[in-house]
Amino acid sequence: MGVFLDSVPFSGIIRIRDMMYTVRDPFRLDQGDVSFDAPDSVKTAMHRAIDENRSHYLQTTGVPRLLDLLAEKLRHRNGIPVAASDEVMVTTGGIHGLYIICQGLLEPGDEVVIPDPEWPPAAGNILAAHGVPVPCALHERLGWRYDLAELASTIGPSTRAIYVNSPNNPSGGVLTREDLQAIGDLCRERGLWLISDEAYEDVVFEGEHVSPASLHGMYERTISLFTFSKSYAMTGLRLGYVVAQSPQLRERMKKALFYTASNVASVVQFGGIGALEGPQNSIDAFRQELKSRRDFFYAGIREAAGHVFTGDPPRGAFYAFLRINPEWKAPAEITTTSQSWGMTEFLISRGRIGCVPGVDFGQNGEGYLRFCFARDRRELTGALESMRTLFA
Ligand code: PLP
């Protein structure tokens, strides 16, 4: 790595975070974090683990009980034909899962087709593994889904994998079963891997979440990535997991896992056991509350800034990805040529409203802005009131 890492960019989200620290009483709609707390089942399990001195080294890929519970969950909730618990490995959050996938899978110069717009660490992790991210547009007119012929046309001799992320961050687009079937066929025909990032599997408001590895014949060429962050409000605890059938690939990923973490923090793994053994009703409760926040935020935007921001409510994830009126011009002191950065700087400096410029997620996101509506209602209301004043 060394000097090479100079060419791997940080996400603009880091720059925004720094800008937000200079703002008093900010509305942090820039952060992709839920305002809920982890369920009691998680906290109780972690307390018990501390009391029982579970503070020693563990198996590299995860404690057996957690792996068994995850294999069970993947079979029953996701429909993935996991044959044995050792097909699963736990990671320090989903982002670390993606890191070990890219390190385990890619040769220098291998191309991976990614959605545009997309959560920036997807491209970052591919680059860090000496791979080449190749963007393929998600289209607003298709509900932020692919034009499948366009997706097929991005595949070339160096393509090694297609990375899909449904529901998508930032657009909230949800791929249909037919989309995933077609993408699966493409992978089979062209001999490609499918990397499926299912961080928002439990946040689908309309339609269904489909795990591509559950589709006929797809498990053997799909590497699926999940996280406890969003489903169990465990963002800071850092617990994710990866499932793949190929023993050779798993062995490579295990090395990347071992050399970066040795094992995932013990107490956190016991928290994960608590999450899976405990009642699952918090997942539905979170989703219902997120849906009502989505509707509240979109109604508020229409009323406070409908002439500036437009877009349909997302079918999944918890972001409003809104088109900025092209007529809008930033005030003279904001000198950036990017409209989405201009609007971001304006909202942060004049309105105390955190948001992320669409272009940070890819060129196709230019002209858009991302707001997280998983924040609490006080924060959402504050941001909407601030917008009402700014755009009156
Ligand atoms: N994948 C996507 C698309 C995400 O948006 C996120 C987090 O925002 C993750 C993966 C990883 O989350 P974490 O590292 O908190 O598990």
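Predicted model: local features only at pLDDT ≥ 70, side-chain atom pairs only at ≥ 80, totals over all residues.
Let me begin with the chain as a whole, which holds 13 helices and 12 strands. For 392 residues, the expectation for a compact globule is a radius of gyration near 21 Å, and because the chain has 21 Å, the two agree. Along its principal axes, the C-alpha trace spans about 60 × 55 × 45 Å, and 48% of the 392 residues count as buried. If we take the contacts between residues at least 6 apart in sequence, 72% of them join residues that are at least 24 apart.

Now to the sheet, where I would ask you to follow the strand order with me. It is an open sheet of 8 strands with mixed pairing, and the order runs β1-β8-β7-β6-β5-β2-β3-β4. At the edges stand β1, residues 88–91, and β4, residues 145–146, and since each of these has a single partner strand, one side of each is left without a neighbour in the sheet.

Further in, we can look at one pairing in detail: strand β2, residues 111–116, and strand β5, residues 159–165, run parallel and are joined by 3 bridges. Within that pairing, V112 has A161 of β5 as its bridge partner.

Finally, which strands does helix α7 lie across? Helix α7, which covers residues 177–190, lies across β4, β5 and β6, and its direction makes an angle of about 150 degrees with β6, the strand at residues 193–197.

Conventions. Residues numbered from 1 in each chain as written. Helix = DSSP H or I, 4+ residues; strand = E, 2+ residues; numbered from the N terminus. Rg over C-alpha atoms; globule rule 2.2 N^0.38 Å. Buried ≥ 20, exposed ≤ 12 C-beta atoms within 10 Å, placed from the backbone. Contact = placed C-beta atoms within 7 Å. Pairing = 2+ DSSP bridges. Axes fitted to C-alpha atoms, helices over the stretch in contact; angles between N-to-C directions.
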